[in-house]
Amino acid sequence: MLASALDLIKKAQKGHYAIGAFNTYNLEVTLGIIRAALLERSPVVIQVSENTIFYAGLRPIISIVKTIAADEAGDVPVALHLDHGKSFHTVVECINNGFSSIMIDASSYPLEENIRMTKEVVEYAHKKGACVQGELGRVKKAEDYDLGNNVTLEEIGELMTKPDEVEKFVSETKVDSLAISIGNAHGMDVPGLELDLERLRKIKKIVSIPLVLHGASGIAPDQIRNVIKEGITECNIDTETQFAFTNMLKEILEENPHLLDPRKILAPCIDAVRAIVESKIELFGSGGKV
Ligand SMILES: [Zn+2]
């Protein structure tokens, strides 16, 4: 069933586990995520980015997620969320087409501008009954698979959330949840990456709203368990499901070069996404929390 992302993460906050927020692009990835949620009896957030809206179209991708959540998820709650909304325009479009939860990511701007843009979005979203995730500090991209660039640990360190800015940001913008940068990066495999637990503890003492970890793909399970223990209530996964899907696609086509029927090619890819999402649900502790 369709649910509000804020309800799911508030319940997770009380229960000391985390909700997985998984990105989708299409029917197959959406099926993989929802099948995993059903098998684990776990609430999930399914999120789409602006790139996905550009790829699939806003209304088609909403219809895919909402239809499967309503018709096939039974009593398992599924929330639809906009990931990294970059402009007021995108946010308005998404809310007016049925998103109950959106992220405004103005983290690349100086603090005052981040506050101004986030506040403008929160005022609009709250009037429409939608909740808002902001970002303070910046979560960089670990590696660009097309260009081969890698972010350095020094760059990640410089962009971490500054605890002394958190109170001002949250009280002035009135965001419902906050994405923070504590050493995490989008993508995988930043050698030597250690999440900054001390920074997380400081932030947690300052604000009571749910805290979100972007770029949770590839982070060692022990580190994930530790940040959940210290107050992270949503973990975002995209890169690992991309690897699961694409590696399976390559394997199937390499082993069966004459396959023609897309359903025969894509069914194992759905299953690969389901398997990785199930493993993340188990790591985050959200299984059985319906
Ligand atoms: Zn992100």
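Tutor: Let us begin with a term: two residues are in contact if their C-beta atoms, placed from the backbone, lie within 7 Å. Please bear in mind that this is a predicted model.

Student: Which residues in H2 meet residues of H4?

Tutor: Helix H2 covers residues 27-40 and helix H4 covers residues 58-72. On the H4 side, the contact involves Ile64, Val65, Ile68, Ala69 and Glu72. By class, the contact of H2 with H4 has seven nonpolar, one polar and one charged residues. The residues on the H2 side are Leu27, Thr30, Leu31 and Ile34.

Student: At what angle do helix H2 and helix H4 pack?

Tutor: The axes of the two helices are 10 Å apart. H2 passes H4 in a right-handed crossing. The packing angle is about 35°.

Student: Is Asn226 buried, partly exposed or exposed?

Tutor: Asn226 lies in helix H10, residues 221-229. A buried residue needs 20 or more other C-beta atoms within 10 Å, and an exposed one has 12 or fewer. Because Asn226 has 14 other C-beta atoms within 10 Å, its class is partly exposed.

Student: What span does helix H12 reach from its first C-alpha to its last?

Tutor: Helix H12, residues 262-284, has 23 residues. At 1.5 Å a residue, the expected value is 33 Å. The span in the model is close to that expectation, at 33 Å.

Student: Which residue just after H12 takes a positive phi?

Tutor: Among the buried residues of H12 is Phe284. Just after H12, a positive phi of about 80° is taken by Gly285.

Technical notes
Residues numbered from 1 in each chain as written. Predicted model: local features only at pLDDT ≥ 70, side-chain atom pairs only at ≥ 80, totals over all residues. Axes fitted to C-alpha atoms, helices over the stretch in contact; angles between N-to-C directions. Helix = DSSP H or I, 4+ residues; strand = E, 2+ residues; numbered from the N terminus. Left-handed = near helix turned anticlockwise from the far one by under 90°. Nonpolar A, V, L, I, M, F, W, Y, C, P; charged D, E, K, R; others polar. Expected span 1.5 Å × (residues − 1).
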